[in-house]
Amino acid sequence: MENYLLAMAVFAAFYALMALGLNVIWGLAGMVNLGLVGFFAIGAYTSALLTVKLQVAMPLAWIAAVAAAAACGIAVALLTARLKGDYLAIVTLGFAEVIRLIASNELWLTGGTNGISNIPGPWRGVLSPEGFNIVFAALGWGSVAVIALLLGRLSASPFGRVLRAIREDEMVAAVAGKRVLAFKVQAFAVGAAVLGFAGALYAHYNAFVAPDGFTALITIYVVLALTAGGTGTMRGAALGGVVVIALTEGSRFLAGVLPELRPVQIASLREAVIGVALIVVLYIRPQGILPERARTLSLEP
Amino acid sequence: MFLTRRTALLGALAAPAMAGSLVRIARAQDTGPIRVGALTPQTGAGGAYGPGMVKTIRTVVDDVNGAGGIGGRKIELSSEDTETNPDAAVRAARKLIDVDRVAAISGTWASAVTTAVAPLAWENERMLFTVSGADSITKLPHKGYIIRTQPNTYLQGGRIGQYIAADGAKRVFALSAQTPFAIDSYNRLSEILKAGGSSAVGDVIYDAQKTTFRSEIDQALKAKPDALFLNGYLPDVTIILRELYRAGYDGKKYTFGYAAGQKLLDSVPAEVTEGLIAFSPSPNVGSPAYARVQQILGAEPDPYSAQTYDHMSLIALAIAKAGSATGPAIHDNVRAVGDPSGVLVTSAVDGLKALAAGKAIDYEGASGPCKFTPIGDIEGCKFRFEAAEKGKFKLLTIS
Amino acid sequence: MADELLQLLINGLLAGALLTVPAIGFTAIYAVLRFANFAVASHATIGAYAGIVTNVWLGWPAPASLAAAFVVAGCVGVLTDELVLRRLRPAGALTAAIASVALTIVLENVVRFAFGNDPRGYDLPVFRDWRFLGLHVGPQEVRNAAAALVVMTILFLFLAFTRTGKMMRAVADNPTLAALKGIDAITVARLATFVGMGLAGFGGMLIGMDTSVDPLTGFRVMLSVFAAAVVGGLGSIPGAVAGAFVVGVGEELSGLVLDPSYRTAVGFAAILVTLSFRPRGLFGERAY
């Protein structure tokens with residue numbers, strides 16, 4: 001049981017990292033991004049390919065993964081520069097889907113739906129399964145702490161202030177002489193880099209990556225993590241990771257509580273729990289995901 | 001505020017669930033109940049197959065427990081959903097291994113799922129019984145902890161190619177769902193068809209998630225085939241058959257039994273499926289195990305449920321033979337229960353009785369003879385070929 | 001070669017016709033309520049299943065089942081909007097959109113809970129294609145396209161000539177002015193949701209008739225539906241129609257140069273291309 005909890009702690013760290021990345025893009029800069037899993041996948045595949053096919057050392061591969069994800073972040077930011085809210089949401093969704101399609105179809109590069117297996121992990125053959133989990137939990141949460149600290153500094157810096165200004169009102173920021181596009185691109189790159197790093201760690205922990213592992217649902221988990229933990233705060237992102245794993249894994253034990261249900265019904269309940277949790281969280285935060293100006297029709301008298 | 005209201009609320013929702021499980025810290029594996037796990041696709045792309053697979057596993061468990069268990073110990077089955085997603089499946093497998101402490105896991109359908117779960121199995125020394133077909137699976141460094149009851153691509157492609165060539169098809173076009181073995185199986189098919197005097201005239205690989213395949217079918221029909229090999233799964237093959245009918249195609253059609261079971265025949269008009277030939281790995285004619293699975297499912301068994309029936313039976317018998325319910329014990333004894341010089345048994349209950357009487361046994365199951373190579377593949381199996389006639393399957397041959 | 005091109009064009013137009021109805025639903029809700037309601041995916045599925053229940057279990061003919069699909073999806077839409085989405089809308093379009101994603105996950109799983117994962121088909125005959133001039137067209141596809149056309153016409157007449165329709169357009173065009181003129185915003189919101197989700201359900205059943213019905217039926221076409229609405233301009237109904245045909249034809253024609261597996265990427269590409277030249281979509285962000 002302890003080993004299981006350790007393993008879950010590792011996954012929670014991955015979600016915390018992704019929530020941190022999202023926090024930069026969404027929480028700080030106010031840019032909608034439903035394509036998170038795409039950057040996560042790029043980081044995972046880059047690191048996996050470099051270590052498995054080219055025998056690159058892990059730390060170097062991780063750096064490359066971060067760079068690759070950041071580069072894609074820059075590309076996406078440039079492509080979508082003029083898009084707003086809802087358009088951005090749909091386009092970023094499409095981006096993640098394209099990444100998944102490339103991963104599934106370009107067999108020469110990614111092994112297709114077969115995935116890439118036998119990815120090395122730090123001291124993997126040497127440690128016991130428990131030992132490996134402990135190392136990775138430390139690695140994962142250590143990264144969360146360091147990155148949260150760095151991003152916290154970034155948020156309080158002038159860079160962070162400009163991002164918040166852009167989030168509130170782009171027009172004003174532009175008039176004030178800030179090169180809005182440059183800031184947005186940088187924010188996207190930073191966020192994507194963190195997501196890519198999470199992906200690299202994931203690949204080496206699991207020893208295996210496949211396109212099926214990068215579904216749009218993961219993006220929803222990350223959104224849930226960020227909103228549950230508290231958008232805008234780095235601490236909240238970390239907490240959110242724990243909450244998401246607690247929900248996805250805790251709901252597993254429903255089967256013991258409701259034995260009359262068929263497995264497919266238990267499964268649909270578990271998936272529904274995530275949706276319900278997200279709705280509950282949105283309700284508890286009456287200001288919503290972002291403290292933004294309400295642009296919808298306020299139809300209440 | 002570190003612990004805000006919302007996170008506390010969510011924690012409170014999840015906590016009771018987790019607390020309940022903390023109480024059940026299972027310990028020794030040689031006394032107390034025997035723990036096994038079912039890991040099947042209940043949702044996601046393989047969701048059509050999971051429920052049947054769990055049903056046969058559970059029935060074997062109930063049968064064995066009803067007959068007194070194994071050496072007086074009852075079997076406890078834990079069941080988890082792979083969600084046809086390697087990420088979710090890995091977490092589910094970890095729960096089965098670390099929390100439920102199962103000695104063996106049965107199920108894992110999608111090849112990507114099996115490839116992801118396999119290292120957990122061999123690193124923790126638990127047996128993994130899978131129904132995945134990709135050749136690469138048994139080539140992993142699994143130290144004998146994988147048993148695969150599904151004929152691999154090489155074996156299947158070979159047999160099917162022989163049959164199609166013998167059936168008189170001269171120009172075979174393949175419509176394959178995007179899977180790890182789509183290309184491998186086409187290559188193997190071409191090879192065998194050529195040897196049999198036939199030919200493979202083309203292959204189109206499609207995304208099984210789509211809902212329309214008109215362009216793919218146009219492409220296929222342009223090559224003027226007299227036979228089509230439908231290498232996909234139930235949802236997409238159903239659509240393709242309908243669209244082939246609309247397109248006026250009247251030639252031969254071949255597919256796998258897992259794609260075209262009774263469910264498919266029931267969901268489209270008979271004209272659409274008329275003449276479709278489906279093949280599945282099969283035990284011999286009149287196999288009592290097969291009949292039992294038919295009984296359990298109330299219909300023509302799909303190949304996967306037949307296999308999981310055998311998985312669970314093999315697990316029970318191996319444990320009985322070993323006198324111990326650990327992963328390594330099953331690992332060491334799973335081939336021993338298929339001793340050709342032993343008494344022929346076709347159910348776990350019968351096998352347990354024979355073992356208790358000190359006899360050697362030869363288990364032959366619902367999916368085939370259940371004899372395995374050192375790397376975990378089946379040594380060979382027969383195939384059943386069935387043709388759809390007026391909305392029902394008719395057995396043509398088992399060979 | 002010209003044959004092939006023409007066939008792809010025909011396939012594309014017929015596929016696009018199926019996309020129009022849910023795309024209109026999505027864009028209509030956007031026009032009136034000003035947020036992207038991603039729950040159209042699950043409502044399309046719900047409509048398809050309403051069709052299964054009425055057509056397969058109760059034996060109703062197709063037109064009656066289609067009407068049932070519309071009504072059931074519309075009612076579920078209004079119900080879930082009241083219970084879940086309405087109170088979140090004042091918090092912002094983004095919050096509402098995220099909530100709609102969560103809602104679609106819940107609804108899809110309610111369907112899965114009730115019906116399981118097995119694909120189902122309707123109790124309808126399958127016909128051979130009509131063949132002419134080296135091309136082929138399915139009579140059922142043509143009928144579905146015709147059904148889509150009929151629904152579009154009814155919607156157009158409703159919006160253009162009925163009082164309620166004009167109220168909806170007024171709220172979509174200028175909510176403040178509409179409120180000043182005493183139009184009951186809440187009723188209009190409910191109506192927009194009913195019509196929008198009803199269209200999604202109707203479209204879902206049409207798609208199910210063309211392919212098959214399982215809990216993921218709506219989700220699978222969603223990227224194409226969103227692409228259609230975005231390409232046409234969010235909030236514009238003629239835009240949604242145009243966008244649906246652009247995406248439908250685009251996806252078919254892309255088979256000439258791209259691997260067919262990349263089809264869904266075409267929607268994404270179409271969005272990028274269109275928005276680069278016309279950032280508000282082909283018809284701009286207006287309502288009808």
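1. Between chain A and chain C there are 4 residue pairs in polar contact, both residues at pLDDT 80 or more; a polar contact is a pair of N or O atoms within 3.5 Å, where within protein one must be able to donate a hydrogen and the other to accept it, and residues adjacent in sequence count only if both atoms are side-chain atoms. On the side of chain A that touches chain C, α13(A) supplies the largest share, 13 residues, and by class that side has 32 nonpolar, 9 polar and 9 charged residues.

2. This is a predicted model, in which local features need pLDDT of at least 70 and side-chain atom pairs pLDDT 80 or more, while totals for chains, interfaces and linings use all residues. Residues are numbered from 1 along each chain as its sequence is written, chains are lettered from A in the order in which they are written, and side-chain values use heavy atoms, with hydrogens and water left out.

3. In the interface of chain A and chain C the rule finds 1 salt bridge, meaning a side-chain nitrogen of Lys or Arg within 4 Å of a carboxyl oxygen of Asp or Glu. E271(A) pairs with R112(C) in a salt bridge whose closest N and O atoms are 3.8 Å apart.

4. Turning to chain C and chain B, the count is 5 salt bridges, and R214(B) forms a salt bridge with E141(C), the closest N and O atoms lying 2.8 Å apart. There are also 9 residue pairs in polar contact between these chains, both residues at pLDDT 80 or more.

Conventions:
Helices (H or I, at least four residues) and strands (E, at least two) are DSSP runs, numbered from the N terminus. Ala, Val, Leu, Ile, Met, Phe, Trp, Tyr, Cys and Pro count as nonpolar, Asp, Glu, Lys and Arg as charged, and the others, Gly among them, as polar.
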